[in-house]
Amino acid sequence: MEKEYSAVTKMPDIRVKIRIAIVLGIINVLLGASYFGLTHYAVKTVQVDGNKHYSAEEIKAMVMTGFLGDNSLYLSLKYKNKGIEIVAFVETMDVVVQSNDTIRIIVYEKALAGYVQYLGRYMYFDNEGVVVETSKVTTKGIPQVTGLSFDHVVLHEKLPVENDQIFQNILTITKLLNKYDVLCDKIQFDENYNIILGYNAVKVKIGAMENLDEKLMQLPQILPSLAGETGTLDLQNYTADRKSVTFEKGK
């Protein structure tokens with residue numbers, strides 16, 4: 001009877017040991033899988049395209065958030081068939097996992113034609129003159145527009161100017177400036193809607209919209225020679241037939 005009692009008492013010990021071994025085995029497998037997932041899918045290379053208002057580092061900080069924000073497997077699941085929205089100046093962002101350690105963030109920024117300064121803030125408007133964003137900082141590549149008359153500004157509404165044609169003119173100007181790779185800091189309109197472009201300390205008098213293409217195509221050849229200069233470049237009377245160009249140095 002004593003031997004039988006001893007055999008019965010040993011059975012539960014064996015079962016407990018087996019269960020412990022199974023649990024430890026599962027834990028080891030999970031730890032191994034976790035380690036593999038954390039190391040093999042760790043993002044080492046991030047390519048950011050399409051960003052102007054935000055730096056690449058700022059874009060990465062918006063996308064790669066949370067404990068697993070630098071894990072490509074987690075990011076692929078998080079942003080699968082889903083863009084990132086509700087970011088100022090950005091329509092959406094797409095996250096593309098190119099390999100286990102490389103992702104690409106594609107930024108689609110809002111189409112901005114220019115900005116006006118109002119009550120200490122920069123009010124950015126689109127090609128139709130609708131104010132789409134406000135900011136306390138300027139954006140490189142987006143010109144300041146001056147000479148427009150308005151008495152109030154409302155976000156997501158059109159700038160209340162007298163001449164709506166001005167926005168089409170701004171669009172035409174910015175398209176040509178992009179075409180010739182001579183983006184300016186400022187687009188100024190006088191009371192007759194004549195155009196003056198600002199390039200640091202150099203002003204470029206364009207005049208009316210007539211012969212605009214012929215005038216602006218001269219800038220890539222002229223502006224480099226004026227680097228460091230202060231003054232006014234006059235292209236108001238330039239035409240294909242009359243190549244009138246003058247530069248008056250400032251004091």
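Val-131 is found in strand β6, residues 131–135 (helices are DSSP runs of H or I with at least four residues, strands are E runs of at least two, and both are numbered from the N terminus). At 1% relative accessibility, Val-131 counts as buried (buried means under 20% relative accessible area, exposed over 50%, and partly exposed in between, with a 1.4 Å probe and protein chains only). This is a predicted model, in which local features need pLDDT of at least 70 and side-chain atom pairs count only at pLDDT 80 or more, while totals for chains, interfaces and linings use all residues. Residues are numbered from 1 along each chain as its sequence is written, and side-chain values use heavy atoms, with hydrogens and water left out.

**Surroundings of Val-131**

- Apart from neighbours within four places in sequence, Val-131 is in contact with Met-123, Tyr-124, Phe-125, Val-153, Val-154, Leu-155, His-156, Glu-157 and Leu-159 (contact means heavy atoms within 4.5 Å).
- Between Val-131 and Leu-216 there are 85 residues of sequence separation and 27 Å in space, taken from C-alpha to C-alpha.

**Nonpolar cores**

- The largest nonpolar core has 36 residues, of which Leu-177, Phe-189, Leu-197, Tyr-199, Val-204, Leu-216 and Leu-219 touch the most other members (a nonpolar core is a set of buried Ala, Val, Leu, Ile, Met, Phe, Trp, Tyr and Cys residues joined through side-chain atoms within 4.5 Å).
- At least two residues of this core come from each of β5 (121–125), α4 (165–179), β8 (186–189), β9 (195–199), β10 (202–207), α5 (212–216) and α6 (219–222).
- Helix α4 gives the largest share of this core, six residues.
- Tyr-199 is in contact with Leu-177, Val-182, Leu-183, Cys-184, Asp-185, Val-204, Leu-219 and Leu-223, leaving aside neighbours within four places in sequence.
- A second, separate core of 22 residues includes Val-43, Val-90, Ile-105 and Ile-142.

**Helix α4 and its cover**

- Helix α4 has 15 residues and reaches 21 Å from its first C-alpha to its last, close to the expected 21 Å at 1.5 Å a residue (the expected span is 1.5 Å times one less than the number of residues).
- Its buried residues are Ile-166, Phe-167, Asn-169, Ile-170, Leu-171, Ile-173, Thr-174, Leu-176 and Leu-177.
- The cover over the buried residues of α4 includes β5, β7 (144–146), β8, β9, α5 and α6.
- In strand β7 lies Gln-144, which is buried with a relative accessible area of 15%.
- Gln-144 touches Tyr-115, Gln-117, Asp-185, Lys-186 and Ile-187, not counting residues up to four places away in sequence.

**Positive phi in loops**

- Most residues other than glycine have a negative phi.
- Asp-181 is not a glycine, yet has a positive phi of about 55°; this residue lies in the loop between α4 and β8 and counts as exposed at 67% relative accessibility.
- Asn-211, also a residue other than glycine, has a positive phi near 55°; Asn-211 lies in the loop between β10 and α5 and counts as partly exposed at 35% relative accessibility.

**Salt bridges**

- The structure holds six salt bridges (a side-chain nitrogen of Lys or Arg within 4 Å of a carboxyl oxygen of Asp or Glu).
- Arg-104 and Asp-49 form one, at 2.7 Å from N to O. Arg-104 lies in strand β3 (residues 102–109) and Asp-49 in strand β1 (residues 45–49), so the pair ties together parts 55 residues apart in sequence. Arg-104 is partly exposed, at 27% relative accessibility.
- Glu-133 pairs with Lys-110 in a salt bridge whose closest N and O atoms are 2.5 Å apart. Glu-133 lies in strand β6 and Lys-110 in the loop between β3 and β4 (114–118), so parts 23 residues apart in sequence are tied together. Both Glu-133 and Lys-110 are buried.
- Lys-249 and Glu-229 meet in a salt bridge at 3.8 Å, N to O. Lys-249 lies in strand β12 (residues 246–249) and Glu-229 in the loop between α6 and β11 (231–234), so this pair ties together parts 20 residues apart in sequence. Lys-249 is exposed at 57%, whereas Glu-229 is partly exposed at 27%.
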